[in-house]
Amino acid sequence: MYGRISRMEFIPGVFEVLQPSAPKERMTALEKKCAIRMENITKRFGSKVIANKDVNLELYEGEILSLLGENGSGKTTLMNMLSGIYFPDEGQIYVHDKPVTIASPKDAFDLGIGMIHQHFKLVDLFTATENIILGLEGKLDLNNARQKVKDICDKYGFDIDPDMKIYDMSVSQKQTVEIVKVLYRGADILILDEPTAVLTPQETEKLFTVMRNMKKDGKAIIIITHKLHEVLAVSDRVAVLRKGEYIGDTDTATASQQSLTDMMVGRAVSLNIDRPLNENQTERLKVEHLTVKNKEGVKMLDDVTFTAMGGEILGI
């Protein structure tokens, strides 16, 4: 036990509204075995900062769960406790319905839990395979390891050269190495912390395809994000944190950007912005028919044209 477990409490209102049953094509929690259960998890830093307070969270096998919340809501801190980086001050964690103590990342790995952080932990001078097996105990056969890496990539749809050096890789390829690393170690519970923050839309869709393949294989996946359109695109269920506290969860199929925003903020929020007419129509920047290819010859920009006017904010 990590400490006192008190009665589970829910905030009424929004949470109660967002409890409709999911359509048949969406997975429901009742049909799945529980992979992770966190009960009344509390984490303090010093005497005044409470990062998480009495958080209750469940994750099911073969499920993609989005952990949603504003910046500073305690999402990463909560997952750092699940992955063994932080230790809870109160509460209990269950893995496959058994109470466990996770005091280090090694404990988490032994329980089949792997976390892919925003900042990659790779050695630039090593190959993908060398990074993936780095830190494993016992005699290692590089050829066997390379073949196992290829098998994992083929199984889930990763696109990575096991012999490529890290310093030659794109950001998305480095992220792939981090994901394959935890799968190589036998993880069946994966935590991805803001995985799309550094990806292009095309790379994001490739990642989502891989995540769906892992889900089909029975993996339980948590994606930490605050991008609502991505939540709706890839997850089966959404759990919301606000100011370190668990607000509730809802099936993604019945949620909307408006309902999720209301849960995150705690009140009705208008997503419509009053944009006054720009009276200064002076042309400041003009780009016409811009095409860019990367070193592999793949088009990164294809015939892009836009104009930026004075007195306006142009979103790209």
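How do α6 and α7 lie relative to each other: roughly parallel or roughly perpendicular?

1. This is a predicted model, in which local features need pLDDT of at least 70, side-chain atom pairs count only at pLDDT 80 or more, and totals for chains, interfaces and linings use all residues. Residues are numbered from 1 along each chain as its sequence is written, and side-chain values use heavy atoms, without hydrogens and water.

2. Helix α6 covers residues 171–184 and helix α7 residues 201–216; their axes come within 11 Å and cross at roughly 15°. Axes are lines fitted to C-alpha atoms, for helices over the stretch in contact, and angles run from 0 to 180 degrees between N-to-C directions. The two helices, α6 and α7, are therefore roughly parallel to each other (angles under 35 degrees count as roughly parallel, over 145 as roughly antiparallel, 65 to 115 as roughly perpendicular and the rest as oblique).

3. On the α6 side, the contact (heavy atoms within 4.5 Å) is made by Ser-172, Gln-175, Ile-179 and Leu-183, and on the α7 side by Glu-203, Leu-207 and Met-214.

4. Helix α5 (residues 142–156) packs against α6 at about 105°, with the axes 10 Å apart. That angle makes α5 roughly perpendicular to α6. Here Ala-145, Lys-148, Val-149, Ile-152, Cys-153 and Tyr-156 of α5 meet Val-180, Leu-183 and Tyr-184 of α6.

5. Strands β1 (residues 34–45) and β2 (residues 49–60) run antiparallel and are joined by eight bridges (two strands pair if DSSP finds at least two bridges between them). Arg-44 has Ile-50 in β2 as its bridge partner. The strands β1 and β2 form a hairpin with three residues between them, and Gly-46 in the turn has a positive phi of about 75°. Helices (H or I, at least four residues) and strands (E, at least two) are DSSP runs, numbered from the N terminus.
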